[in-house]
Structure formats: C-alpha cells, structure tokens
Amino acid sequence: AAASDVYKRQALGYKEEYDAKPWFWSDQYDTKLQIAGLSSGSDKVLKAMRRPYKAAKFVELIERMREVRSDIAVSTDIIVGFPGEGDAEYAETRALCEKVRFDNAYVFRYSKRRGTPAAEMDDSLQLPEHVKVERNQDLIGLIDQIGSEKNQALVSTRQQVLCEGPS
C-alpha cells in the first residue's frame with residue numbers, strides 16, 4: 001500500500017502499521033464485536049502483570065472504537081485476585097467496567113501457575129481464595145447487569161445476525 005494508504009497508530013503501547021481503515025474493522029463480516037483484553041483496571045496490577053499499557057489507554061482505545069462505530073459490542077478478559085490486588089485496585093477494575101460498559105467479559109480468578117513470574121511473588125501478596133471468588137462473582141454480576149440493560153434496549157428492534165452453522 002502507498003504511504004498515504006497507511007497510517008500509524010499507537011494502542012496499548014504497540015506501534016504497528018495498518019490499512020487506512022481503522023485496525024479494528026473487519027471486512028470479512030462487517031463485525032460489530034471486538035474483543036480487547038483488559039486484564040485489570042488498575043495500573044498497579046497491570047504493571048505487576050507486566051502489561052505494556054495503562055487503564056486510561058485502554059479506555060481511550062474503546063472510546064476511539066465507539067467513535068468510529070457506535071454500535072460496536074466490546075468484550076474483554078479480566079483476571080481478579082492477582083497477587084497484590086487490594087480492595088482499591090479491585091474497585092478501579094470495577095469502576096472501569098462500569099465506565100466502559102462491556103457487552104460481555106470473561107472473568108477469571110487468578111490461580112498460581114508454576115514457572116510464571118506471578119507464582120514466584122511473595123506469598124503475602126497472594127489473595128485468599130474466598131476473596132477471589134467474591135470478586136469474581138461481583139464482577140460477573142456487574143457485567144451481566146450491563147449486558148441485560150443493553151439487550152433490553154434491543155427488544156422490539158430489528159437486528160441482522162450471521163449464522164455460520166449449527167450450534
């Protein structure tokens with residue numbers, strides 16, 4: 001592509017070249033779904049996870065997507081109970097979810113994986129399982145509530161769907 005057909009973008013800390021269409025646009029199905037991995041809404045936890053981005057940059061990315069396509073559905077992955085995640089850090093994640101209003105989220109409880117940097121963190125930073133379960137259920141409840149509100153807004157509207165085969 002000619003230089004005029006290519007633009008540079010910086011999202012979540014990475015610099016890449018893309019065609020002139022926004023990078024999150026799909027020509028294949030004109031998709032309305034974008035999955036973006038948040039991991040945590042806390043910069044402190046993101047840093048501990050060795051993620052190359054900050055929560056504000058993630059929010060900015062979602063806002064840019066919605067500027068281009070207001071009806072885009074955004075899903076994400078979130079890990080709760082990462083070592084060192086205190087009440088304040090969890091509250092930041094919850095607040096970010098309320099602000100962004102994800103259409104769906106895959107919420108996971110952190111679990112130690114042998115050989116990973118997080119598993120080697122000091123045991124005093126590891127959270128009790130009951131805290132991880134509570135946060136997991138709380139965040140799933142929030143995401144379900146937001147999803148229900150968004151789905152309710154679609155009742156009595158006409159929507160186009162893509163069926164690729166039997167489910």
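A residue counts as exposed when its relative accessible area is over 50%, and as buried when that area is under 20%. In this predicted model, Cys-163 has a relative accessibility of 66% and is therefore exposed. Zero disulfides are found in a search of the whole structure.

Aromatic contacts were examined next. Two aromatic pairs were counted. One joins Phe-58 and Phe-102, whose ring centres lie 6.1 Å apart. The planes of these two rings meet at 50°, so the pair is classed as tilted. Phe-58 belongs to helix α2, which spans residues 55–68. Phe-102 sits in the loop between α3 (87–100) and β5 (104–109). The two residues are 44 apart in sequence, so their pairing ties together separate parts of the chain. Phe-58 and Phe-102 are both buried.

Phe-82 and Tyr-110 also pair. Their ring centres are 5.3 Å apart and their planes stand at 70°, so this pair is edge-to-face. It links distant parts of the chain, 28 residues apart. Phe-82 lies in the loop between β4 (73–80) and α3. Tyr-110 lies in the loop between β5 and α4 (129–152). Relative accessibility is 7% for Phe-82, which is therefore buried. For Tyr-110 the value is 9%, so Tyr-110 also counts as buried.

Conventions
Residues are numbered from 1 along each chain as its sequence is written. This is a predicted model: local features need pLDDT of at least 70, side-chain atom pairs count only at pLDDT 80 or more; totals for chains, interfaces and linings use all residues. Side-chain values use heavy atoms; hydrogens and water are left out. A disulfide is a pair of cysteine sulfur atoms within 2.5 Å. Buried means under 20% relative accessible area, exposed over 50%, partly exposed in between (1.4 Å probe, protein chains only). Rings of Phe, Tyr and Trp (its six-membered ring) pair if their centres lie within 6.5 Å; planes under 30 degrees apart count as stacked, over 60 as edge-to-face and the rest as tilted. Helices (H or I, at least four residues) and strands (E, at least two) are DSSP runs, numbered from the N terminus.
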